Amino acid sequence: MSASLRYDAVVVGAGVAGLTAATRLAESGARVCVLAKGVGSTHLAPGTVDVLGYTPDRVEHPAAALPEFIAAHSDHPYALIGTDAIAPALQWFAARIERGPRPGYRYTGDLDRNHLLPTAVGAIRPSALVPETMAAGDARSTAPVCVVGLRVLRDFHATLCAGNIRRAGIDARAVEVEIDVGRVEANAVGLARRFDDESFRAAFVARLALLLRPGERVALPAILGLRDPHGAWSDVQRRLGRDVFEIPTLPPSAPGMRVYNALLAALRAAGGRLVLGAEVTDVEREGDRVTAVRAATSGHDTIYRAGWIVLATGGFGSGAIELGSDWAASEMILGLPLQGMPMPGEARFAADYFAHQPMAAVGVAVDSSLRARETDNVYVAGAALPGAVPWREGSGEGIALATGHFAAQAVLEREGATATA
Amino acid sequence: MIDDLFHEALRSSLDHCVKCTICETACPVSNVTPLFPGPKYAGPQAERYRALGQSQDESSVDYCSGCGLCTMACPQGVKIAELNAHARHTVKQRTGISLRDRLIARPTVVGRLGTPVAPIANAMLQARPARVLAERVLGIHRDAPLPRFAGRRFRTWARHRQAPGTGTKIVYFHGCGTEYYEPDVGEKVVAVLEHNGFRVEIPEQDCCGLPLQSNGLFEDARKYVLRLARSLAPHARDGTLIVGNATSCTLMVKREGREILGLEHDPDLALVSRQMYDVCELLLELHGRGELRLDFQPVEEVVAYHAPCQQQGHWIGKPALELLALVPGLDVRELDARCCGIGGTYGLKREKYQIAMDAGADLFDQVEASGARVVACDSETCRWQIEHATRRPSVHPIEFLHQAYRL
């Protein structure tokens, strides 16, 4: 016997796309369960929402650039859902963060203008919606920048970062602060937990203040708190009496975890459920409807019955889509038809790592409502969709958020139509 | 031989590790002490050197509490905690295992010794001089949360109870905590199951071997878990479900025994593993089929709920939360802190007590802030730790269902 539970909707995947779709459905009164093999990419991502950064020239105004981009990429997720679907998703997200468990923490920005923020190596990255704790890093400002490294955080190279910021035309230099955290090495999340502690912040600021020059903005790796990032950031800024901004770090990512925590809190508040560790291995079907998914739980499988399925499992990176040695790509849970496969004889990969990789744009074939082809009730969101090359476009989180939001809308509209009928 | 085979199976999972560090964000121990360098470092990273016989100082793996949150968080399916358990076993084989670890790993021995002399034993366990002595001689921390012997055994009650003759047969796996320390929890589990139409059978059973396994005594642990599997398998063979309330022990039977102890191919354990249910998992499943009795009377109480790590390791979410939500009047506040720190026997040890308390600090703060008078939690060692650290009573979720059914 397998345990069997019943929900209105089952969402597979706990990244931004899955949590957004699930939360939105739960907020509309649906009984929702999110199943995930593990934690999603939030913990690795910078926590910004990049909607469109390069086409391939750097995009300053995404709202203005999107129509042309969509016209040129008719198979892109943004082309399917339309530009009008993006802004509401961003607003929805910003509201969930503001309402979330971290008092005062909020996002800033919109589609009109990208923030231009330094990455961990000091390259300038365009992002539409960013945590307030990062906004002061905008490269349009001419104020000089002091990039602060910590000796215990070996993955953040302040000198390299400052050097590249200088190349972008901003006066920047690096300093290193030594502070005892009781160990020789710490990662960004470990440090972020320390910054939740006011006395630790005070000790840190006391050391840092001595190293600063008048007029400098202070760039810190993104370690300003997990439990109370708004409090930690405001406090450091107040103590230093100048603008302070976070630069996203190599994984693990504190701002990414704040996103996960906020979306999960919103999901729970709406009565939704998350099951971690449960890898979905199979489904049950009736005709073109998927009636249940089977998850490999400890001991026995568990069957989750649902009227609607949202597939937010990611692409090749997460193992949701695999490429076999016979060059056939497969969607691993339902075996859904894929789209965007290079034709026989066409190039599949390019030699240059960061070049356009044709195979990377492969994804689950969907209609304009994001419904998977050959199914009646399976909707797809996020990196499982075809047509995008997020790391070249600077569009990953934007696609995840906007399509997660849109897929929930599509389900709700079908649900509404059913109810009316 | 058996070691080599199962270790290969575990190790094959480490090739999926992309060093993404998600496990590091989940670890409650490396977060509070530099003595444990973190699941990625101690697990997939160090394992590559171990495979070549080049491992350096391995003493740090002993500081892994075995909570398993790293494995659950891993999006690539790497068996991190299981690899670390194996590394711990290897280290302990070399360094030897202390009398203390051999003792606290045998709850049935401790339980049988303590039960007949419960008043004296309990007085001793509360007495400062005795605890100081136990700390010096044995290395059990003087403040560590040791349970009180009930002075009676659950099985004695089970033998004398009037069982209903009808209903769907189900087997109850009660575990050592119920047997020696909390027989009333077992009585309530049986009452709730019977109220829902089950005919509960309670066959002879012993420890599942989990404490032995977590203390690196793999050979002994195998004997225990297989003996348990042999005694439960005849029931499982006819399709009967087995249900337990100790989520760490049921997880041992469901998965850890097979994966960590390399018993994937034992047919009895495979069968029992498949039929094993956590009691809340089973009741929620009944509810999903519309078969759970819903004659709940109001229980006016504010309750904080903490899902233990090894309950989370069932990979079934938090069924207790959904069940408690069915009880009118009950105001349940979910705590999302990761771990209470105790790790079964981990936090009892002199050198690990403070680490365990620090690892649980977030949870204890959340309990404090929740405004709840009582904490519901599925695992007994976690309940004892929570009671110790927060000075609030901590009970199994079944208590509230039992109360709401007015049984």
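Tutor: Helices (H or I, at least four residues) and strands (E, at least two) are DSSP runs, numbered from the N terminus. This is a predicted model, where local features need pLDDT of at least 70 and side-chain atom pairs count only at pLDDT 80 or more, while totals for chains, interfaces and linings use all residues. Residues are numbered from 1 along each chain as its sequence is written, and chains are lettered from A and ligands numbered from 1 in the order in which they are written.

Let's zoom in on helix H22 of chain B, residues 380-390. Nine of its 11 residues are buried, so by that definition H22(B) is mostly covered. The buried stretch runs through Glu380(B), Thr381(B), Cys382(B), Arg383(B), Trp384(B), Gln385(B) and Ile386(B), then picks up again with Ala389(B) and Thr390(B). And what's doing the covering? Helices H11 (175-181), H20 (353-359) and H21 (361-370) of chain B are included, and so are strands S5 (301-306), S7 (374-377) and S8 (394-395) of chain B. Just after H22(B), Arg391(B) takes a positive phi of about 60°.

Across the boundary, 11 residues of domain 1 of chain B are in contact (C-beta atoms, placed from the backbone, within 7 Å) with 13 residues of domain 2 of chain B.

Notes:
Buried ≥ 20, exposed ≤ 12 C-beta atoms within 10 Å, placed from the backbone. Contact = placed C-beta atoms within 7 Å.
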